[in-house]
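Subject: Structure handover and notes

Dear colleague,

Please find the structure below, followed by my notes on what was found in it. I have kept the cut-offs next to the terms they belong to.

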Amino acid sequence: MAAVILKALSMVLVIAVAYTFKRCGVLGEGSKDAVSKLVMYLTLPAAIITSFDSYERDDSLLILAILGFGFNLFFYLVGCLVSCRGKREDKVFSTLNYPGYNIGSFTLPFVQNFLGALGVVTTCMFDMGNSVMCTGGSFALTAALFGAEDEKVTLKDFFKKLFSSVPFDVYLGLLVMSQVGLKFPKTLLTLMAPAAAANGFMAMVMLGLMFEIKFKKAYFWTAIKTLGSRYLLMAVLALLCWHFLPLALEQRQVLVVVLFSPMSALSPVFTDKCGGDSGLSGFLSSLSIILSVIIMTALIGILGIL
């Protein structure tokens, strides 16, 4: 357990150092965009591709993609229910902040650091379904139901947002390749290895640069209600997956950990576009990173995955 905690602390330390550098001016405002682009366009795709090299076609894993989409849809409906009697702003906030998992920039590097290639592949398959809602699906639904402030959302816009997500495109391409028995040449994988190895570090730097907690008293009860109910429901889903999902033990262990991922990093952006409280959304997103680090680290130790 000590080794697990030490690994988790090493990741938290990188986030803390990057955040401190931002606050002290060592890393300027433009650093966040530069690091984000490096992660999304280079290190994250490289990590996904190299991890999938050991993946053998297993159609049973497609259930993870279905679950990634289904659980997002479930939390979207939860958001609708808890805000059904509220104002328009409440409905916008709930439907955009209950669903969505921050897989690419948090959970995937976390799993990569702890659980190796099998953990990454399992996480990627779940994220394929998650991405459908996370990168534009929830926003499109909310904009259609409650209206967006400055953007009319069409089906074309939805698919454009979805396929402009580089990680999603990589997942889809690798899934197709696995179905027809194609793999990347070993030489190319060797060239990608340094970028793949750097993904965990770069992603934590990115989170540190994005991290911002601006607390207001008015946020307190909303934070308890939203995050409390979200994590409680995730615990119920995790128990159901653990006991009833027809997957290997190792895959169920990874899925249980993944289900406690933080809120989507895109939630504040989409909340703002629909006229919701983006400040509150950003506060919850940052707070959920802290909670998820604690819960996911504890689960890795309890489940004895290492």
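This is a predicted model: local features need pLDDT of at least 70, side-chain atom pairs count only at pLDDT 80 or more; totals for chains, interfaces and linings use all residues.

Residues are numbered from 1 along each chain as its sequence is written, and side-chain values use heavy atoms, with hydrogens and water left out.

Phe 69 sits in helix α3; helices here are DSSP runs of H or I with at least four residues, strands are runs of E with at least two, and both are numbered from the N terminus. Together with Leu 73, Leu 77, Leu 141 and Leu 145, Phe 69 makes a nonpolar surface patch of about 420 Å². Patches are built from residues with over 30% relative accessible area and no salt bridge, like charges being joined within 9 Å and nonpolar side chains (Val, Leu, Ile, Met, Phe, Trp, Tyr) within 5 Å. A salt bridge in that rule is a side-chain nitrogen of Lys or Arg within 4 Å of a carboxyl oxygen of Asp or Glu, and the areas come from the Shrake-Rupley method with a 1.4 Å probe, only the protein chains shown counting as cover for residues. Both α3 and α5 supply at least two residues of the patch, and the largest share, three residues, comes from α3.

Which residues does Ile 48 contact, once its neighbours within four places in sequence are left aside? Ile 48 is in contact (heavy atoms within 4.5 Å) with Leu 108, Cys 124, Pro 167, Val 170, Tyr 171 and Leu 174. Thr 122, which lies in helix α5, counts as buried because its relative accessibility is 2%; not counting residues up to four places away in sequence, Thr 122 touches Leu 64, Gln 251 and Val 254.

Helix α4 (residues 88-97) has Val 92, Phe 93, Ser 94, Thr 95, Leu 96 and Asn 97 buried, and the buried residues of α4 pack against α3 (62-82), α5, α9 (219-244), α11 (267-273) and α12. Ser 94, at 8% relative accessibility, counts as buried and, with neighbours within four places in sequence left aside, is in contact with Gly 79, Val 82, Ser 83 and Pro 99.

Met 11, in helix α1 (residues 2-24), is buried at 8% relative accessibility, and its C-alpha atom is separated by 6.6 Å from that of Met 204, 193 residues apart along the chain. Beyond the residues up to four places away in sequence, Met 11 touches Pro 109, Phe 110, Asn 113, Phe 114 and Met 204. Gly 304, in the segment after α12, is partly exposed at 46%, and its C-alpha atom is separated by 9.9 Å from that of Val 4, 300 residues apart along the chain. By contrast, the C-alpha atoms of Ile 290 and Leu 189, 101 residues apart along the chain, are separated by 33 Å. Ile 290 belongs to helix α12 (residues 278-303) and is partly exposed, with a relative accessible area of 36%.

Finally, the cysteines: with a disulfide taken as a pair of cysteine sulfur atoms within 2.5 Å, the count comes to zero. Cys 80 is partly exposed at 24% relative accessibility, whereas Cys 24, at 59%, counts as exposed.

Best regards

Methods: Buried means under 20% relative accessible area, exposed over 50%, partly exposed in between (1.4 Å probe, protein chains only).
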